[in-house]
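Colleague: I am new to this structure. Can you walk me through how to read it?

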Amino acid sequence: MFSLTRADGYQLSTDPDRLDLDRVHHWLSTDAYWALGRERETVARAFAGSIGFGVYRPGDGRQVAVARVVTDRATFAWLCDVYVDPAERGRGLGTWLAGAVRDHLAGLGVRRILLATADAHGVYAKVGFGPVDVRHWMEYDRRVKPVTRKDPDPRPPLTVEA
């Protein structure tokens with residue numbers, strides 16, 4: 001397990017027993033644009049198969065931020081589900097958390113960390129993240145997307161052969 005304490009007393013830990021998954025589920029399923037409506041069981045399974053990073057407030061130890069890393073712990077990692085409680089924002093916790101994740105993974109030998117964000121580019125840029133070269137990346141996306149007459153589904157229909 002990895003732990004770190006900031007000068008002002010905030011603690012970061014990868015101890016899975018410290019994660020408040022009920023709180024994390026609430027944050028993600030009700031306030032995180034990328035995970036709205038995510039079921040509690042899905043959150044639990046996702047964190048069980050990943051490295052979870054919790055940030056805990058000085059004094060009472062209440063969890064105030066979270067990040068999840070999907071990784072082989074050797075070459076590649078995907079940083080996701082980064083969330084800071086709205087009451088704790090503005091204290092640099094998101095930047096500190098992203099930097100600590102980066103440094104911890106570097107210590108494992110991980111050389112590439114990816115993430116996706118719609119609105120926090122500045123947070124991640126402060127700790128060295130930059131845009132990807134989209135010419136090299138592809139994806140297969142099975143998320144449900146609304147299909148309208150104006151926006152038809154470009155994927156070919158699935159067929160079953162006997």
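**Reading the sheet**

Modeller: Start with the open sheet. Six strands lie in the order β1-β2-β3-β4-β5-β6, and their pairing is mixed. Keep in mind that this is a predicted model.

Colleague: Which strands stand at the edges, and why is one side of each left without a neighbour?

Modeller: The edge strands are β1 (3-5) and β6 (112-114). Each has a single partner strand, so one side of each has no neighbour in the sheet. Neighbouring strands are also turned against each other, by 20° on average with direction ignored.

Colleague: What holds paired strands together?

Modeller: Strands of a sheet pair through backbone hydrogen bonds, either parallel or antiparallel. Take β3 (residues 51-56) and β4 (residues 63-71): they run antiparallel and are joined by six bridges.

Colleague: How many bridges join β4 to β5?

Modeller: Six, and these strands run antiparallel. Arginine 68 has its β5 bridge partner in cysteine 80. That arginine 68 is also the β4 partner of glycine 52. β4 and β5 make a hairpin too, with four residues between them. Its turn holds arginine 73, with a positive phi of about 60°.

Colleague: And how do β2 and β3 pair?

Modeller: In the antiparallel sense, over three bridges. Serine 13 stands opposite glycine 54 in β3.

**Reading burial**

Colleague: How do I read the two faces of a strand?

Modeller: In a regular strand the side chains alternate between the two faces of the sheet. Now look at β3. One side has Ile51, Phe53 and Val55, the other Gly52, Gly54 and Tyr56. Every one of these is buried, and both faces are covered.

Colleague: How many residues of β4 are buried?

Modeller: Eight of its nine, so the strand is mostly covered; buried here means under 20% relative accessible area. For the protein chain, 39% of the 162 residues count as buried.

**Reading the helices**

Colleague: Where does helix α1 lie?

Modeller: Helix α1 (residues 21-31) lies across β4 and β5 (76-84). It runs at about 80° to β4.

Colleague: How should I read burial along a helix?

Modeller: An α-helix has 3.6 residues a turn, so residues three or four places apart point the same way. In α1, the buried residues are Leu21, Arg23, Val24, His25, Trp27, Leu28 and Ser29. Their cover includes α2 (40-48), β4 and β5.

Colleague: Which strands does helix α3 lie across?

Modeller: Helix α3 (residues 93-108) lies across β1, β2 (11-13), β3, β4, β5 and β6. Its direction is at about 35° to β4.

**Reading the surface**

Colleague: Which residues make the nonpolar surface patch?

Modeller: Phe76, Trp78, Val132, Val134 and Trp137, over about 470 Å². Take two of its members. Phenylalanine 76 sits in strand β5. Valine 134 is in the segment after α4 (121-125).

Colleague: How far is valine 134 from aspartate 17?

Modeller: Their C-alpha atoms are separated by 38 Å, and the residues are 117 apart along the chain.

**The whole chain**

Colleague: What does the whole chain come to?

Modeller: Four helices and six strands. Along the sequence they follow the pattern β-β-α-α-β-β-β-α-β-α. The C-alpha atoms fill a box of roughly 60 × 30 × 30 Å along the principal axes. The accessible surface is about 10,800 Å², and 53% of it belongs to carbon and sulfur atoms.

Colleague: What share of the contacts joins residues 24 or more positions apart?

Modeller: Such residues account for 56% of the contacts with a separation of 6 or more.

Technical notes
Residues numbered from 1 in each chain as written. Predicted model: local features only at pLDDT ≥ 70, side-chain atom pairs only at ≥ 80, totals over all residues. Heavy atoms only, no water. Pairing = 2+ DSSP bridges. Helix = DSSP H or I, 4+ residues; strand = E, 2+ residues; numbered from the N terminus. Axes fitted to C-alpha atoms, helices over the stretch in contact; angles between N-to-C directions. Contact = heavy atoms within 4.5 Å. Patch = residues over 30% accessible without salt bridge, like charges linked within 9 Å, V, L, I, M, F, W, Y side chains within 5 Å. Areas by Shrake-Rupley, 256 points an atom, 1.4 Å probe, with all protein chains shown as cover. Salt bridge = Lys/Arg side-chain N within 4 Å of Asp/Glu carboxyl O. Buried < 20%, exposed > 50% of the residue type's maximum accessible area, 1.4 Å probe, protein only.
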